[in-house]
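This briefing goes through one structure, topic by topic. The sequence and the model come first, and the notes follow.

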Amino acid sequence: MTGLSASTASTVSTAGIAGTGAPAIRISEEVARAVADGRPVVALESTIFTHGLPRPRNLAVALEAEQQLREAGVVPATIGVHAGVPTVGLSTEQITELAATDGLDKVSLRDLPVVAALGRHGGTTVAATAFLAHRAGVRVFSTGGLGGVHFGASESFDESADMTTLAATPVTVISAGVKSILDIRATLERFETLNIPVIGYRTTKYPGFYVTDSGHEINFAVQSPEEAARVIDARDRLDLPQAVLIANPVDPAKQLPPQELDGILARARAEAERRGITGNASTPFLLDHIQRDTGGRSLEVNVEVYRGNVRLGGEIATALAARAG
Ligand code: PSU
Ligand code: MN
């Protein structure tokens, strides 16, 4: 897959959906133009505000992230499915509608053709967002935390499709690591097996989403957005198909107290087990449980983590655009 040229950018389709003649992916004019001109663009996912954060904060966070990028001279490309149309560059009205819709789908890559054909709304996960961003020629994507290997996966097989998708999608994803609810050691092993580079931003201590340091070491760090951009260019020149993961830790002054984390996570997991929550419901359930359990403190950390990743994504996209220009 390659990025799209300017002429095809806003109506990306040859076949369309199920004989309707509608474009398979809609790319907003603003995003299409910025991509064609080589200006910095950062993709943002929608599951974070459709399933990851409670109302009404979810909408505020989604719009703030866009605003933050615009102020840095970067074009935001919020990605989701609106009325069956996978969209790169949702409008403010569309984001507002998705953020307020009850029971909308959490759309991973396998779900994309289904929600498209059935004309449904959906929040796209990291996997589906990375795929759509890449199809639209958007090279940088900021999120909160990645999906990974759930505890007990050796029996349940519950591993996020984020990992296998990122193994085949050459974007750059800025996250604060994988969510703390996951088996981080196993997830890092899977990234290694899948040839996905994991690079710390100014650290070789892998961040733990709610906490600055997960306790796991990684091999490499970059010290600046320019250095990250050099790695991304090198990946592209080598024609490697994997994403580059940039792991950006939350400011230690703003993390959840690390000594409380184990208890918080154990309670969330026990409750999920008690209620038999499995499959794609488990991530939203665990995040919600942690938010209630911490009296909203984890929500503040989640928002802070996301802000940091949006900021760094903007800087890396800007450095990449400068190299190309
Ligand atoms: N990070 C967050 N909140 C979220 C998610 C990540 O801070 O809601 C979402 C992402 O969209 C990620 C998904 O792709 O959770 C992973 O879900 P699963 O484990 O079912 O693949
Ligand atoms: Mn899963």
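This is a predicted model: local features need pLDDT of at least 70, side-chain atom pairs count only at pLDDT 80 or more; totals for chains, interfaces and linings use all residues.

What covers the buried residues of helix 1 includes strand 2 (25-27), strand 3, strand 4 and strand 5 (85-88).

**Helix 1**

- Helix 1 spans residues 29-37, and its buried residues are V31, A32, A34 and V35.
- These residues lie on the same side of helix 1, because the arc they cover around the axis is only 165°.
- E29 and D37, on the other side of helix 1, are exposed.
- Just after helix 1 comes G38, which has a positive phi of about 70°.

- Strand 3 runs parallel to strand 4 (residues 75-82), and four bridges join the two.
- Within this pairing, V42 stands opposite P76 of strand 4.
- Strand 8 (residues 140-142) also runs parallel to strand 3, with three bridges between them.
- The bridge partner of L44 in strand 8 is S142.

**Positions annotated "active site"**

- UniProt, in an unreviewed entry, lists E45 and K179 under "active site".
- E45 is in the loop between strand 3 and helix 2.
- E45 counts as buried because 27 other C-beta atoms lie within 10 Å, where 20 or more are needed.
- Apart from neighbours within four places in sequence, E45 is in contact with I79, T124, T125, V126, T129 and T143.
- K179 is in the loop between strand 9 (172-175) and helix 9 (184-193).
- K179 is also buried, because it has 26 C-beta neighbours inside 10 Å.
- Not counting residues up to four places away in sequence, K179 touches G145, F209 and T283.

**Position annotated "binding site"**

- The UniProt annotation "binding site", again from an unreviewed entry, covers D158.
- D158 lies in the loop between helix 7 (153-156) and helix 8.
- D158 counts as partly exposed because it has 19 C-beta neighbours inside 10 Å, and a buried residue needs 20 or more.
- Leaving aside neighbours within four places in sequence, the contacts of D158 are H150, A153, T278 and S282.

**Backbone details in loops**

- R55 and P56 are joined by a cis peptide bond, with omega about 0°.
- P56 belongs to the loop between helix 2 and helix 3 (57-71).
- A83 is a residue other than glycine with a positive phi, near 45°.
- The loop that holds A83 runs between strand 4 and strand 5.
- A83 is partly exposed because 13 other C-beta atoms lie within 10 Å.
- N195 is not a glycine either, yet its phi is positive, at about 60°.
- N195 is in the loop between helix 9 and strand 10 (198-201).
- N195 counts as exposed because it has 10 C-beta neighbours inside 10 Å, and the limit for an exposed residue is 12 or fewer.

How values were computed
Residues are numbered from 1 along each chain as its sequence is written. Chains are lettered from A and ligands numbered from 1 in the order in which they are written. Two strands pair if DSSP finds at least two bridges between them. UniProt positions are given in the numbering used here, feature names are shortened, and annotations may be inferred rather than shown by experiment. Two residues are in contact if their C-beta atoms, placed from the backbone, lie within 7 Å. The arc is that of the directions from the helix axis to the C-beta atoms.
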